[in-house]
Amino acid sequence: MSSDKLHLLTHEVGSLAKPPWLVKASAGRPLEDEDIEHARRWGERLEVSGHEELVESLRTPAPDPEELGRWSSRYALRLLESAGLDVVYDGEQQRTEMYAWAVAHANGFEPRGTVRSFDNKYYSKSAVTGPISLREPYHNDELRFLQSVAQAELKIPITGAYTLAVWSYDERYGPQKGRLGAGVRREDELRARREFALDIARDLIRPNLEALIGLGAGWIQIDEPGASTEPDELDIFVESFNASVEGLDCLFSTHLCFSDYELFFPAIERMSGCRQYAVGFANYDTRELGVAGDKRPGYQVISRFRDLSYEPILGLGVLDIHSDWIEPAELVRDRILYALDVFGDPARIHVTPDCGLRTRSWDVAYEKLVRMVEGTRLAEHELERAHAAPAAR
Amino acid sequence: MRAFVPGIFARSEALVQATRDLDRGRTAAEAVDEQLERDRRELVAVQEDAGLDLLSDGLLRWQDLFRPLAEAAEGLSARPLVRFLDTNTFFRAVLVEGKPRLRRPLPAPELPKGRWLATLPSPLAFARATDGALDARTLAAEVLAPQIEAYAAGGCALIVLSEPFLASGERSGDLVAALEELPKVLPLALWLPFSDASPVLEKLAEAPVSAVGIDFYLTSLDALPQDYPKEIMAGVIDARSSRIEDPADIREFVEQLLPRSSAGVSLTQNGDLQFVSEPIAREKIARLAGARTPVQEAA
């Protein structure tokens with residue numbers, strides 16, 4: 001990026017779908033020709049160096065799942081780089097899932113099965129049953145590998161303390177007996193949740209962050225999709241974020257999605273350690289072109305982020321990740337232009353999808369991201385043109 | 001004392017995998033249909049083995065409380081995701097694109113006539129899902145009423161109207177007015193999942209329903225007026241907790257509850273069992289039945 005040319009930074013938010021050859025091989029299921037063709041086709045399309053080696057290995061009776069995980073990371077990384085993103089990761093190809101991966105590397109949790117999130121989307125859920133601690137840093141191997149193969153800058157997504165707490169059953173902190181007919185004592189529930197979330201922050205998340213920083217991590221995104229689950233627990237979310245990152249030398253951001261974002265105010269006024277909020281808005285927006293407020297109902301809340309005193313960057317979600325519909329570049333452009341107008345400072349806007357794209361096929365995810373980057377360039381061009389000829393606007 | 005389990009039931013691991021595979025193009029819709037049918041049969045068997053009085057199909061095909069009706073009605077569609085209460089489960093908000101009218105009622109489930117219950121959104125919850133774009137009375141008259149008529153013709157014994165939002169500030173007067181629009185062809189129960197019902201119990205005593213479902217994990221027994229005139233559908237199983245209830249604790253509670261109701265007590269859970277995994281949900285049904293038998297004998 002040249003110093004005199006406007007460049008809005010683009011990045012992904014987290015997960016990408018896992019390719020069928022990884023899913024089936026990891027589950028011990030036989031691969032079919034179309035799975036191997038998927039690896040060949042995407043290897044060529046993304047120009048993944050040495051992908052022929054992967055294709056060959058997929059023809060063997062029992063390919064090594066860990067090696068396939070690393071191949072999948074290479075593919076996902078190249079997919080994001082090839083789409084033109086400035087900051088990338090590997091779509092969490094080597095993790096089971098954002099909650100399950102963290103809990104599986106922690107002491108104090110026991111699995112309790114699968115629960116539906118929406119439609120045909122599910123998540124595994126565990127119960128906290130004992131003292132929480134980090135069994136082993138659980139993103140180190142992944143980061144080391146990605147540092148060795150990435151061409152673009154890396155941003156590491158890690159599931160946050162509050163989300164881990166609120167997505168778990170509590171069999172330890174809150175009252176377990178005598179609840180039937182007693183009525184809720186909210187103060188007891190809040191005390192229990194605070195203790196639980198802060199234990200996770202101090203004893204699980206923070207040591208994991210320290211390990212990543214020790215490996216040279218420069219930007220860590222703390223994912224908190226559960227942050228607004230309980231509107232009267234936003235202080236606990238903020239306290240747990242602060243306890244996770246306070247005093248650590250790294251750029252920390254957070255990702256929020258599918259919430260009533262008004263709920264976060266004023267709580268996040270105390271979250272000054274967060275330098276960027278990546279937030280999903282497109283899911284709530286229209287598909288009409290236009291930069292006027294009535295065309296952009298999904299983005300009305302962004303002024304609240306603008307007004308935060310510590311002036312964080314807004315990672316502007318412009319892709320609805322729950323739809324196969326490909327946003328035209330012009331729609332992305334208009335969403336960005338609206339945000340730029342509200343913020344008045346391009347340095348405080350990054351461009352992102354609403355959330356991880358793991359529920360979309362690679363074909364759809366790739367096309368969406370390519371349009372996102374195109375739309376970003378259109379917005380930059382429009383802004384530069386406006387600045388060059390202000391009277392023409 | 002009757003016992004039954006309304007609402008959306010948990011999906012088995014096999015069904016979870018089948019639907020995931022469907023979404024990713026790894027299996028055919030027919031294979032998912034077959035697994036749905038296996039899950040349904042197993043759920044019915046679990047309820048029958050437990051001796052539950054009314055059977056439910058667990059709404060295993062329902063994506064959320066509103067979507068099948070929104071898709072079956074003219075003028076309605078479903079799109080943005082909205083969090084369901086304070087859970088990590090979401091529903092799709094109902095978008096209003098015209099005057100609503102149920103095109104064709106949803107078919108009755110394959111369950112023994114006269115022995116099954118259906119769960120539908122309450123009119124007020126449905127209106128809340130439209131974010132106020134439609135009022136509860138319109139939805140009651142144009143969508144819910146024809147659906148209830150169809151279920152009645154299909155042998156339904158009880159309609160459970162799920163109302164998760166009432167206790168968090170929705171207007172109980174509007175709800176009572178909307179309930180008047182519903183046909184009185186079979187008993188209606190108003191179920192208040194995952195809510196402290198204390199603020200609305202007095203008003204609901206006047207509602208045109210035969211039973212009120214109360215979450216007794218969030219509602220104090222002391223909040224229930226003496227001689228309550230509606231049957232109490234007592235939520236004694238916690239559908240959001242992985243802890244398995246002790247039937248003895250439930251029996252002890254029910255013994256305190258019984259003298260407060262002049263219209264009887266039935267036992268159920270405090271919300272949809274989809275908030276725990278299928279093995280846990282199944283075990284909770286067994287505990288519900290285990291809690292009921294000695295109480296019934298004593299009564």
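**Reading the elements of a two-chain model**

Student: What makes helix H8 of chain B an element that lies across strands, and at what angle does it run to S7(B)?

Tutor: Helix H8 (residues 247-257) of chain B lies across strand S7 (231-237) and S8 of chain B, and its direction is at about 160° to that of S7(B). Helices (H or I, at least four residues) and strands (E, at least two) are DSSP runs numbered from the N terminus, and angles run from 0 to 180 degrees between N-to-C directions, the axes being lines fitted to C-alpha atoms, for helices over the stretch in contact. This is a predicted model, in which local features need pLDDT of at least 70 and side-chain atom pairs count only at pLDDT 80 or more, while totals for chains, interfaces and linings use all residues. Residues are numbered from 1 along each chain as its sequence is written, and chains are lettered from A and ligands numbered from 1 in the order in which they are written.

Student: Why are S3 and S8 of chain B said to stand at the edges?

Tutor: In chain B, 6 strands form an open sheet in the order S3-S4-S5-S6-S7-S8, with parallel pairing. Strand S3 (116-121) and strand S8 (265-269) of chain B each have a single partner strand, so one side of each is left without a neighbour in the sheet. From one strand to the next, the twist averages 25°.

Student: What makes S4 and S5 of chain B a pair?

Tutor: Two strands pair if DSSP finds at least two bridges between them, and S4 (residues 156-162) and S5 (residues 188-192) of chain B have 4, in the parallel sense, so they qualify. Val160(B), for instance, has Ala189(B) in S5(B) as its bridge partner. Helix H5 (residues 136-153) of chain B packs on the sheet, touching S3 and S4 of chain B, and makes about 150° with S4(B).

Student: Which residues does Leu190(B) touch?

Tutor: Contact requires C-beta atoms, placed from the backbone, within 7 Å; leaving out residues up to four places away in sequence, Leu190(B) touches several, including Ser122(B), Leu161(B) and Val212(B).

Note on methods. Contact = placed C-beta atoms within 7 Å.
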